[in-house]
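Please examine the sequence and the structure shown below before reading further. The paragraphs that follow lead through them step by step.

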Amino acid sequence: MRGAFTKTLVELAEREPRILLLTGDLGYTVLEPFAERFPNRFFNVGVAEQNLVGVATGLAEAGFLPFCYSIATFISLRPYEFIRNGPILQRLPVRIVGVGGGFEYGPAGATHYALEDVGIMRLQPGLTVIAPADHEQARTAVLATWERPGPIYYRLGKDDRTVVTGLGGRFELGRIQLIHEGAHLLILTMGSIASEVASAAAALADRGISCTVAVVASVNPAPVEDLAALLARFPLALTVEAHYVSGAVGSLVSEVVAERGLGCRVVRCGVRTTPGGTSGSQGYLHHSHGLSSNALVQTALKELEVQRAST
Amino acid sequence: MEREAVQGPPLSSRQIRRIVLDQSKRAHVGHIGSALSIAEIMAALYGHVLHIPDPGDPDRDRFVLSKGHAALAVYAALHLKGWLTAEKLNTFCADGSLLGVHPEHALRGVDFSTGSLGHGLSMGAGAALAARLRHSRRRVFVLVSDAECNEGSLWEAVMFAAHHRLANLIAIIDMNGQQAFGYTDQVLSLTPMAARWRAFGWDVQEVNGHDVAAITETIAGLETASGPPHVLVAHTVFGKGVSYMERQIKWHYWPMSDAEYRQALDEIDATP
């Protein structure tokens, strides 16, 4: 997605001189196409995320559209107050681009995992929050939102190859994207873990269980109406995200169920414990936290059984 | 490359102090000492330095009150400039007012919201970079407190501005030696302040922060078209002009009683 982001931003910057790109010293082998094409509109501000966002706020006040690039956890947590007191409270079009949601920086260790970024960003009503599921959707989402008033948080994945089956690069602000339809189980997901979800749905289909699977990429504005309509049709929904279970899609879905008084039971698949000292590949970590396609299949079967037993 | 302020009547620091006292008393709030210590800096900036044909002019000079808790002194200046009506000024700290203890960008004349220390210089650096990218001669002034230099984020901005040689960025340090819960040299020493900024690559000027002419002339002498960014270490007295507030920690937060208010007015009025 980060490659798709850079490519898309270069295209937009060709026709939009207000676009600037700032990085906190990250993006080696990713941002060069922009840096080389627009050397006077590219700023490596150094390893200083607070200043990165503060400078972007000053630029945005003067009418620029600054994109602030870094690893998701660094650009969301360290300068969080600068994001709030800067572009959010002052309603300025700063774009925060966080790369590597969830465990994408697996071997790098826990300091590099973004497990609460979407949650803390979603708390802010004045911040658009976009978490695409693959690089095609990332491109569509950036094209659909780059000019939107106010600040935006983009949570991007590193992967520029995997495509989520059935998504076809679709994105619409405030809407979900259905990638599969079925009758037995609803699965709602966010970010690049969607490809694991698609695999799990296919495996469940082999066992005669058909799933409706939807991607929530527009986290804020939240697709409340779409979610409510779907949740009203299913007694059981799984939410799947490479994120702590509190704060992001699991919480959003639970809020919709509660606020609309729906009868759907929500099972949140996500990270429930602080990562221990061990690291490993993204696949290993997904499996450890019940987010691999195999683990998701097992959870779905177990919860469907619970559902059957209770009705 | 001096840029002329839009001429108007000179602002009197005594009038600024008077408004600070009146509004603080009416609203029964503190932060009086912090606002009093910048009265001459405000008088110099808004009376002589800032090029602001209109607060909505996109090419105006920018001002960031990074020590946002002294916003009342800015409101006083905006009022004396004619950009803030008495009626609005009198809503200071009232329900639904845009005039809180800390400045809000939504108020005409306030360029950036502040209140959390260590934030303003970064935004100012961005505003200065924006001016360069727009090929504008406009300048950006950021008033920071000395204690604000405790914040690591401030030094990120100091490094950034020096690296990019933002000559159009002028920081002013209200060097009153006090912070909320003690004296700066006792809480977290900032000495030597000037040498620290100089070591980071800034042009450093030391000035009496209660001398409007000195502040004005020092700024007029700065090269803002090229070269390093500038900082004025403005030596001030916390609570300046009210004897019982001067250099007293209590007056960071404390509101005035009726008797204290009357004494303060007497002392301000007796000032030449």
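Two residues are said to be in contact if their C-beta atoms, placed from the backbone, lie within 7 Å. The model is predicted: local features need pLDDT of at least 70 and side-chain atom pairs count only at pLDDT 80 or more, while totals for chains, interfaces and linings use all residues. Residues are numbered from 1 along each chain as its sequence is written, and chains are lettered from A and ligands numbered from 1 in the order in which they are written.

The contact between the two chains takes 19 residues from chain B and 19 residues from chain A. On the side of chain B that touches chain A, the elements that give two or more residues are α6 (120-133) and α7 (152-163) of chain B. Here helices (H or I, at least four residues) and strands (E, at least two) are DSSP runs, numbered from the N terminus. The most is given by α6(B), with eight residues. By type, this side of chain B divides into eight nonpolar, eight polar and three charged residues. In this division, Ala, Val, Leu, Ile, Met, Phe, Trp, Tyr, Cys and Pro count as nonpolar, Asp, Glu, Lys and Arg as charged, and the others, Gly among them, as polar.

Within chain B, five strands form an open sheet in the order β1-β2-β3-β7-β6, with parallel pairing; two strands pair if DSSP finds at least two bridges between them. Strands β1 (62-65) and β6 (203-208) of chain B stand at the edges with a single partner strand each, so one side of each lacks a neighbour in the sheet. Further inside the order, β3 (residues 169-175) and β7 (residues 230-235) of chain B pair in the parallel sense over six bridges, and B:I170 stands opposite B:H230 in β7(B).

Chain A contains 12 helices and 12 strands. Of its 311 residues, 55% count as buried, which requires 20 or more other C-beta atoms within 10 Å of the residue's own; 12 or fewer make a residue exposed, and values in between partly exposed, with C-beta atoms placed from the backbone.

One residue illustrates this. A:V118 is found in helix α6 (residues 117-122) of chain A, and A:V118 counts as buried because 33 C-beta neighbours lie inside 10 Å. Leaving aside neighbours within four places in sequence, its contacts include A:V129, A:R155 and A:V219. A:V118 and A:V219 are 101 residues apart along the chain, and their C-alpha atoms are separated by 8.2 Å.
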